[in-house]
Every structure is written in C-alpha cells, then in structure tokens.
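Here are my notes for a colleague who is new to this model. Please keep the structure open while reading the points.

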Amino acid sequence: MRPRSRGPGRTKRPGPARPGSRPGRPGPARLALPRRTRGRLAADAALLLTAAAFALPLVWLLLASVDAEADLRVRVPAAPTAENFDAVLTDEITFTPMINSVLLCGSATLLTVVCAALAAYPLSRYRSRLNRPYLLTILFTTCLPITAIMVPVYGLFVQVDLIDTMQGTSLFLATSQLPFSIWLMKNFMDGVPVVLEEAAWTDGASSLQTLTRVVLPLMGPGLTVVTVYTFIQLWGNFFVPFMLLLTPEQLPASVSVFTFFGNYGSVIYGQLAAFSILYSLPVLALYILISRRLGAGFTLGGAVKG
C-alpha cells in the first residue's frame, strides 16, 4: 500500500522570521523568573521595607540628639553638638527620674518574679481539673486594657491610703504584670525533670527547698527571660505612674518625658531625642549583660546519672 500523502492544507510551512530575531535563542517568555524566585524576591523586598520603617526613627533619634536645631526631618546636622545632652543631664530632668524608675521597676520586677515562681510551681507539678481553667483565666486577664481598671484601682488606693506612694505603685505594677509572668514561668518549669525533685525529696528536702535549690537553678535561662521581660514592660509603663503618683519628685523617667512638650504643640526635639537615648540605655545594658545567658539554653548535663 502506498503511504497516505498529506493534503495541501495540512502541509506545515515555516512562517516568516521576525525582524531582529535569531534562530536558536529563547524567546521573551523563557526569560521570565521562576515563581519561587519571584516569591523570594518579594519577601526580601517586604523585609527590607519593614527594616527601613523601624530603622528610620532610630536614625532620626541619633541625628536629632546632636542637632541644636532638630525638627521632625531626618537630616545630618551641619555642626554636631552636645548641647542637648548637657541640657538634660540635670538632677531634675534625668538623674532623679532615672533613680525613681530603677527603684519602682526593680522592686516590682522582684515581687513579680517571686510570686510567679511560687504560683507556677504547683501548676507545673500537680495535676488537677482546675489547672487548665485557671491558666486560661490568667491568660484572659492579660488581654484586659489597663485603662478599664484604673478608675476602681484609683478609688481603692485612695481608700487604703496608697495613692502617691512608691510602694503602692510598685505593688500595682507587679500585679498587672503577674499573669503573663506566671504563664511564662510555668512553661519553663515544665522543662525541668521531676526525677530531680524526687531525688531531693528522698534526701529530706521540702517543696520550698526543692523549688529554690533544684528547680530555679536549673531553669536559670527561663528565669532570666521572665525577669528581663517583666523589667522591660514595667520600664516603659507610662499610664500607671502617671495616675497613681502625684508628687513631681517621685515621677519616673517614663512620665517626666512630658517636660519636653511645651504649650501650643511646641516640642524641644533635640533634648527629647537626647533624653530618649539616655532613657533606653539601662534596658540595652541589661540585655547585653544577659544575652549570653539567654542563648545558653537549659544545661541539665550531669544532673541525672545513668
């Protein structure tokens, strides 16, 4: 049989070549980037924009602190000067409020960590039907806005004569930070093996001795995380000291920042930037001092002998 020949309508003929095109080279469609590469480039661009949004205020803070004529514009000062730091480094503006902040936040942090450890230990070691509802209730209290409870708290402090006192303000700051600290402390305590406590109980140790001599030393990084987080949150708290402290000599640095805001919307931007840098130094120094401990993790090696 003879092979069937294609008709004239089925014969494929090469079309006319496009001007400027060369045979053997990929067309424009083949030069497109893969979908994964495009997604990665878009993610990198979004991260760069986010980093720039965070870095821009910091750049303004550094430049405005050495600019005698600083405003809201980000600009390099023509003649950098230390006049802003000289103006704020006084007892009334910086030193006394800083000391008040250290005393207020330090005492509140110590009280919070101690109470959180005592509350988290039974939640971590003893099983009960009430553990989960109690933890969910604690987590719910962290969502309550501080402004919703300040009016009854203010009335209570007036009744018990704790208004305009450092100890009363420190007590309420510790109370406001305690729920989330208990939640964090309980999660860190869960990582300590119970067998170590059982060995201490065999030697005659009480529950309190086991907590202070076995559990807390082994969860050192977790204890450090709770302490630093609590201190940072309290250090930046403005509303509570502003409402409960009335004497100007007792105000912390988070409230005394209002001294740089004048009437009719005028702001001394250079001194405000210099004071903000000084205000951030204690928190940065604390983080640098404990950064190695935070990254060390739990070191339980050698605690359990096989």
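In which crossing, left-handed or right-handed, does α4 pass α6?

1. α4 passes α6 in a left-handed crossing. A crossing is left-handed if the near helix is turned anticlockwise from the far one by less than a right angle, and right-handed if clockwise. Helices (H or I, at least four residues) are DSSP runs, numbered from the N terminus.

2. Two points on the source. This is a predicted model, where local features need pLDDT of at least 70, side-chain atom pairs count only at pLDDT 80 or more, and totals for chains, interfaces and linings use all residues. Residues are numbered from 1 along each chain as its sequence is written, and side-chain values use heavy atoms, with hydrogens and water left out.

3. Back to the α4 and α6 pair. Helix α4 covers residues 131–141, and its axis packs 8 Å from that of α6 at an angle of about 135°. Axes are lines fitted to C-alpha atoms, for helices over the stretch in contact, and angles run from 0 to 180 degrees between N-to-C directions. That angle makes α4 oblique to α6. Angles under 35 degrees count as roughly parallel, over 145 as roughly antiparallel, 65 to 115 as roughly perpendicular and the rest as oblique.

4. Which residues make this contact? From α4 come Leu135, Leu136, Ile138, Leu139 and Thr141; from α6 come Pro179, Ile182, Trp183 and Lys186. Contact means heavy atoms within 4.5 Å. By class, the contact of α4 with α6 has 7 nonpolar, 1 polar and 1 charged residues. Here Ala, Val, Leu, Ile, Met, Phe, Trp, Tyr, Cys and Pro count as nonpolar, Asp, Glu, Lys and Arg as charged, and the others, Gly among them, as polar.

5. Look at Lys186. It lies in helix α6, residues 166–189. Is Lys186 buried or exposed? Lys186 counts as buried, at 12% relative accessibility. Buried means under 20% relative accessible area, exposed over 50%, partly exposed in between (1.4 Å probe, protein chains only). Leaving aside neighbours within four places in sequence, Lys186 is in contact with Ala120, Leu123, Ser124 and Leu135.

6. Next, α7 (residues 194–202) and α8 (residues 207–218). Their axes are 10 Å apart, at an angle of about 140°. The two helices are therefore oblique to each other. α7 passes α8 in a right-handed crossing. Leu196, Glu197, Ala200 and Trp201 of α7 meet Ser207, Thr210, Val214, Val215 and Leu218 of α8. The residues of this contact divide into 6 nonpolar, 2 polar and 1 charged.

7. Now the rings. The whole structure holds 10 aromatic pairs. One of them, Phe275 with Tyr279, is stacked, at 6.3 Å centre to centre and 5° between the planes. Rings of Phe, Tyr and Trp (its six-membered ring) pair if their centres lie within 6.5 Å; planes under 30 degrees apart count as stacked, over 60 as edge-to-face and the rest as tilted. Phe275 and Tyr279 are 4 residues apart in helix α12 (residues 269–294), so about one helical turn separates them. Phe275 is buried at 1% relative accessible area, and Tyr279 is buried at 16%. Ring pairs link Phe231, Trp235, Phe260, Phe275 and Tyr279 into a cluster.

8. Finally, check the backbone in the loop between α5 (150–159) and α6. Asp161 is found there. Asp161 has a positive phi of about 60° although it is not a glycine. Most residues other than glycine have a negative phi. Asp161 is exposed, with a relative accessible area of 60%.
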